[in-house]
Amino acid sequence: MYALRDHDATGPNSKAPPNGLWRMENTSTPELAEKAGYVLPNLSVIYGFGFSRPASGAGRPEPSRFKWLYYMVETVDMWTNAFAYPAGAEAGYKGGKVAYVAPGWQGELPPGVKRIDSPTPWVLIQPRVHLPQQSGLEAARKVLAQIEPQTLSEYLGHAAQPAPKNNYAVPNLINPKLPVSTLDFKDPLQFWEIMSAVINENPPPKDEIAAVLPMFAPLGIELGKQWTGPRSTRLS
């Protein structure tokens, strides 16, 4: 997810800024999929990817009026746990407004905006629109265009808040043409550097903190501490 966020939203060649939405409007051929930076061609779906940091309450996926096309707005935390589907078969196709809010946020939302609490400070909004046949591509694009993220300040017509300053390590991968999930780092130690940053920026679920994270302590991977490099461990 960190590498995907770098590719899509925060890196030097990102597709859409945080709180925006990258609309991948056609990946039906290998050439189009490669141009879009997507893993494989897909004839039957068009995608959107939007990384959001809803620290002040943000996000407005607004479903479409085109009710004859199946679509969904999957939302996952930074550990790929899907926690909300605010549009589609589960929530209906009538449209509406939702606000993703960060853990611990205590603000008030405008009337008619449904609150969705995010498990992690960052989330990925991932709309998908069914494309029954290529002749319907334009209609599917219209659906995708109406799924529109905004910050809360933008929605209220206020001045945009300053973007948070972040110093993210750029994943240095051997083959940038491969999917970022391959994680083929030129320097294998960068995996641990990034993992340490990830768990501190977006802590894992509580049960995983209790059951899994202690196993990484001998490597120096701990909550509240940035990993600074390998260290020798003497076993007795």
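Trainee: Is Gln134 buried, partly exposed or exposed, and what is its relative accessibility?

Mentor: At a relative accessibility of 34%, Gln134 counts as partly exposed. Please keep in mind that this is a predicted model.

Trainee: Where in the chain does Gln134 sit?

Mentor: Gln134 belongs to the loop between β7 (123-130) and α3.

Trainee: Which residues is Gln134 in contact with, leaving aside its neighbours within four places in sequence?

Mentor: Those residues are Asn26, Ser28 and Leu43. Asn26 is 108 residues away from Gln134 along the chain, and 9.5 Å separates their C-alpha atoms.

Trainee: Let us step back to the whole chain. How many helices and strands are there?

Mentor: The chain has six helices and seven strands. Read from the N terminus, the order of the elements is α-β-α-β-β-β-β-β-β-α-α-α-α.

Trainee: And what share of the residues in the chain is buried?

Mentor: Of the 236 residues in the chain, 41% are buried. The chain exposes about 13200 Å², and 55% of that area is supplied by carbon and sulfur atoms.

Trainee: What share of the contacts joins residues at least 24 apart?

Mentor: Counting contacts between residues at least 6 apart in sequence, 63% join residues at least 24 apart.

Trainee: What is the lining like by class?

Mentor: The lining of the largest pocket has 28 nonpolar residues, eight polar residues and six charged residues.

Trainee: Staying with α1, which of its residues are buried?

Mentor: The buried residues in α1 are Tyr2, Ala3, Arg5, Asp6, Asp8 and Ala9.

Trainee: Which elements do those buried residues pack against?

Mentor: The buried residues of α1 pack against β1, β2 (45-52) and α5.

Trainee: A change of topic: how many salt bridges does the structure hold?

Mentor: The structure holds five salt bridges. One of them joins the side chains of Asp117 and Arg115, with 2.9 Å from N to O.

Trainee: Which residue does Glu138 meet in a salt bridge?

Mentor: Glu138 meets Arg141, and the distance between their side chains is 3.9 Å, N to O. Both residues lie in helix α3 (residues 137-145), three residues apart, which is about one turn of the helix.

Trainee: Why does a spacing of three places matter for which way residues point in a helix?

Mentor: An α-helix has 3.6 residues a turn, so residues three or four places apart point the same way.

Trainee: How exposed are Glu138 and Arg141?

Mentor: Glu138 is partly exposed at 48% relative accessibility, and Arg141 is partly exposed at 23%.

Trainee: Which residue forms a salt bridge with Glu222?

Mentor: That residue is Lys225, with the closest N and O atoms 3.9 Å apart. Glu222 is partly exposed at 25% relative accessibility, while Lys225 is partly exposed with a relative accessible area of 48%.

Trainee: One last topic, the backbone. What is phi of Thr80?

Mentor: Phi of Thr80 is near 65°, a positive value in a residue other than glycine. Thr80 is found in the loop between β3 (71-77) and β4 (82-84), and at 53% relative accessibility Thr80 counts as exposed.

Trainee: And what about phi of Leu183?

Mentor: Leu183 is a residue other than glycine with a positive phi, near 55°. Leu183 lies in the loop between α4 (152-155) and α5. With a relative accessible area of 36%, Leu183 is partly exposed.

Key. Residues are numbered from 1 along each chain as its sequence is written. This is a predicted model: local features need pLDDT of at least 70, side-chain atom pairs count only at pLDDT 80 or more; totals for chains, interfaces and linings use all residues. Side-chain values use heavy atoms; hydrogens and water are left out. A salt bridge is a side-chain nitrogen of Lys or Arg within 4 Å of a carboxyl oxygen of Asp or Glu. Helices (H or I, at least four residues) and strands (E, at least two) are DSSP runs, numbered from the N terminus. Buried means under 20% relative accessible area, exposed over 50%, partly exposed in between (1.4 Å probe, protein chains only). Ala, Val, Leu, Ile, Met, Phe, Trp, Tyr, Cys and Pro count as nonpolar, Asp, Glu, Lys and Arg as charged, and the others, Gly among them, as polar. Contact means heavy atoms within 4.5 Å. Accessible areas come from the Shrake-Rupley method with a 1.4 Å probe; for residues, only the protein chains shown count as cover.
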